[in-house]
Amino acid sequence: MTDASPTATPDWLIRPELGLCPCGCIGKRAKADFVEKTIGSASNLMRQSMFSDDVSARDGLLQRVDARVKLVGLLALLVSSALAHSPVVLIGLYSLSLGLASASRLSLRFFVARVWLFIPIFTGIVVLPATFSFITHGHIVVPLGSWFGTRVGLTQQGLTAAGLIVLRVATSISLVVLVTITTSWPRLLAALRALLVPRMFILVIGMAYRYLFHLLGSVSDMFTARKARTVGSDANTKRDRAFVAASAGALFGRAHALSEEVHMAMVSRGYRGNVGTLASARLRATDFAFGAGALLVTLTAIGVDHVVR
Amino acid sequence: MHIPDGYLSPETCGVMGAAMVPAWMTAGRHVRKVVTSRYVPLLALGAAYSFLVMMFNVPVPDGTTAHAVGAVLIAILLGPWAAVVAVSCALGIQALFFGDGGVLAFGANCFNMAFVMPMVGYAVYKIGTRNLSLTAPRRAVVAGVAGYVGLNAAALCAATEIGLQPSLFHTANGTPLYSPFHLSQSIPAMALAHLTVAGTVELVLTAGVIAYLQRANLPVLRINHPGVREDDSTAMAPRRLGWRWGAASLGLAALLTPVGLLASGSAFGEDSPEHLNLHKYHLQTVPNGLAHYAGFWHHALFNGYDFSNDRHPALGYIASAFVGMAAITVVVFAVLALVGVVRRRHSSSDSAVDSVRA
Amino acid sequence: MSFVESPPATELLTLDDVHYRYLDRFVALDGVSLSVDRGEKLALLGANGCGKSTLLKILDGLLFPDTGTFHAFGSEVTERSLEDEQLSRGFRSRVGFVFQNSDAQVFSPTVRDEIAFGPLNMGLEPDEVERRIGDTLAMLSIEDLADRAPYQLSGGQKKRVAIASVLVMNPEVLIFDEPTASLDPRTQEWLVELIVDLNRVGKTIVLATHDLATLDALADRCVVFSEEHTLVAEGTPEELLGDTALLRSVNLVHEHTHAHHSVFHRHEHGADHHA
């Protein structure tokens, strides 16, 4: 092996970069592409909301209940909200979720924002047309003029239907978020296993969850690195699209390489396809109380609903 | 096309869930055949990828949301049952953490996106890539098309589930209890969003990843394509579209016949005399000839394409379509057989007869 | 064919004329023969990309040679032979591998689950598993991390968890792939001491490294890889570290010229500039 002679340093690396502002300041801040900003911050947000376990570590009501009991109770309450025909019952169930949230040391503002900020608003947009008379026929309560001879407006049936859906969606999401946010991820997985979800699915869910953590981190890293290299007003969307496409491919490649290593690490310690878990805890009084409470609420809700109908 | 809790009645949720249980059980067993424990990480990666892809969605008025899924890509790489597992897992994580897709409606969502989509897409892919080499550019294109078709099949199912609710579940005064959108609203709404935007995204993503793998990582592609030749360096026999291709297209066309029901009014020129709008055509009475011959085929088997007194027009259409195709097929084969017999009589003096397998 | 009783031979692992290519194209090992003796500390030296990692993975039955054979504890190890459950269990519990990238190695939801993974796969009783977990946590001073999620820990903490998850299975042979790479100085020192201690209680150590500074402590015997993916030398650390011509020829050190005032000065530098 011969000694390599040192290569000459290129001129442009020795001189100051002419593209920068001559006065020596950092320069005007380039307007970050909307797509970059959204993807970068969204992935950070997702990472935080999915992978933080500070709520499940607090000492609140739901945190003390066994994960399996919580899941079963959740299902029961969801069924009762699905069977409810009257808005009154749904509002009652929603209020219950608020009560449980505050009993579990959850800031109500955070809880409401977390539930309402995404899906129910989407749902509202989606069902808005249903309030109009040409979708849901019926008794018009908010007239909006006439269209080629037929009267048009918001119908009572339409408004009720839209209201019912939004309430159902919000209640359902509130209950689901309550359970998942107060349960640590490993306990949640173990509970799913105890509820007879097949091993293969548990394995895949667990690994996918971990991949998401890494992928989301890589996504925001990539966009941060790209921003650091961006100089000037970079409004070239075609290049941006090419960047996103190339990043997707590179991301896949990296994630795949990691997955091979992970698998080797598992095989090295004797993995042959079965997922063993540490012995699960016994049920305690709190769990029975919660389970009984959930059952009671479910039956009450169904009963009240029948009466009020 | 995630359906939240509240759109589907518990009965519908129960039915769809019951339909998925055997699918999940079969998937759990079958997956082990292709996905040896060596490829489980790849399967989990597929689930994570599907999760991310599904996060980018837009609301569809009169429907739910439109987004790509990635199910067909996973089916191509690891087999359709692996896609069932991967997408179900992704949907499960979304339902639990974001409320994107209901918990009770989980069965329905899985049926649409984790079952119908990969199965339909994979079928299209297999048919379209027969005799193609592993590195052929057309393979990536067919993969994209398969993704497009699969996604829209899933969207159609979702729209159907949503659209059936108001007529089945409503209060006495007509208030819909769950989804307020009828089939005539949900299907066009979901179809439009998925035939245009979401379908295109799915097509580009699927084709893009397959093309990338063909260049950069062929061994991954080979996992689910054992025995497929790598490239076209050896000469190929001329390809002919097989009968399977034709049968599949016809079957698809048959299933789509009820779509016409959505359009109100009937096709131009097909009105029977009773339905004629005389005013429109500036007529006073029904023309003589029309009235005379109108009842000619009175005893047609499926009068008006329906055989149950218009109670289930869609079923009637589909049944009619299949019977019609079967009848046409029988006739065509009979004619071909007859022609073949005649030809053989004439060419019995010739030597070798070229036989090209279909 | 069982690994329950190991013959009192001194050669635990033996590779014979092994060849390996990645993706059927890229050569990683081009005819390597090697044996690992009971109780020794063996170091594989070589520049990046010369095949050290591949060799280690073959020693742990994670990759299988294209040609050539691998014998462990007296029996041949092939992809097929490892499909037998008892054989696999015997092999996997006697050889432990600590990966260079700790992120690949820690994949369980909590540290406790991570350490439990190996013993559970071995089929140990839950009580025994709990006991071993407690002992291992104490030994590596990570009791306070027991219920944390591994992927959120710092590099050094992750390394401890990774090692714990392997040690808990009480293997006879410990394989380390670049153990000191990307560790801060204090953690490096701790790790070197740990490896020496483990060897003193009877564990056989095989490690791949290009860190020449810690070589003397970490190895009794070294083998050197060339960039042509073959073994070109063998000896004690002192012998090899003194042979600068050899080290330069395999790209483990480079010549460095710098100036003291106006006098130009030439000396050897290893990859980490500490030699």
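Student: Which side chain meets C:Asp103 in a salt bridge?
Tutor: Ground rules before we start: this is a predicted model, so local features need pLDDT of at least 70 and side-chain atom pairs pLDDT 80 or more, while totals for chains, interfaces and linings use all residues. Residues are numbered from 1 along each chain as written, chains are lettered from A and ligands numbered from 1 in the order written, and side-chain values use heavy atoms, leaving out hydrogens and water. A salt bridge here is a side-chain nitrogen of Lys or Arg within 4 Å of a carboxyl oxygen of Asp or Glu. At 2.7 Å, N to O, the partner of C:Asp103 is C:Lys158.

Student: How many residues apart in sequence are the parts which that pair ties together?
Tutor: Helices (H or I, at least four residues) and strands (E, at least two) are DSSP runs numbered from the N terminus. C:Asp103 sits in helix 3 (residues 102-105) of chain C and C:Lys158 in helix 6 (residues 155-167), so the pair links parts whose separation in sequence is 55 residues.

Student: Is C:Lys158 buried or exposed?
Tutor: Buried means under 20% relative accessible area, exposed over 50%, and partly exposed in between (1.4 Å probe, protein chains only). C:Asp103, at 24%, is partly exposed. C:Lys158 comes in at 11%, so it counts as buried.

Student: What separates C:Glu128 and C:Arg132 in helix 5 of chain C?
Tutor: Those two side chains also meet in a salt bridge, at 3.1 Å from N to O. They're four residues apart in helix 5 (residues 126-139), so the separation is about one helical turn.

Student: How many salt bridges does the structure hold over all chains?
Tutor: Chain B has one between B:Glu230 and B:Arg222, with the closest N and O atoms 3.6 Å apart. Over in chain C, bridges with shared partners join C:Arg38, C:Arg94 and C:Glu172 into one network. Over all chains, the count is 18.

Student: Which residue of chain C forms a salt bridge with A:Arg269?
Tutor: Chain C and chain A have two salt bridges between them. In the A:Arg269 bridge, the closest N and O atoms are 2.9 Å apart, and the partner is C:Glu114.

Student: What area do chain C and chain A bury between them?
Tutor: Buried area is the accessible area (1.4 Å probe) that two parts lose on being put together, summed over both. With contact meaning heavy atoms within 4.5 Å, 39 residues of chain C and 25 of chain A take part. Carbon and sulfur atoms hold 60% of the buried area, which is about 2,700 Å².

Student: And how many salt bridges are there across the interface of chain A and chain B?
Tutor: That contact takes 58 residues from chain A and 57 from chain B. They bury about 5,300 Å², with 78% from carbon and sulfur atoms. The salt-bridge count across this interface is zero.

Student: Which residues of chain A does B:Asn57 touch?
Tutor: B:Asn57 lies in the loop between helix 2 (40-55) and strand 1 (58-59) of chain B, and at 10% relative accessible area it is buried. Leaving out residues up to four places away in sequence, its neighbours in chain B are Thr65, Ala66, His67 and Asp100, and those in chain A are A:Phe118 and A:Phe122.

Student: What is phi of C:Phe73, roughly?
Tutor: Most residues other than glycine have a negative phi. C:Phe73 sits in the loop between strand 4 (67-72) and strand 5 (75-76) of chain C, and at 4% relative accessibility it counts as buried. Although it is not a glycine, its phi is positive, at about 50 degrees.

Student: Where is A:Leu196, which has a positive phi near 70 degrees?
Tutor: At 72% relative accessibility, A:Leu196 counts as exposed. Its place in chain A is the loop between helix 9 (185-194) and helix 10.
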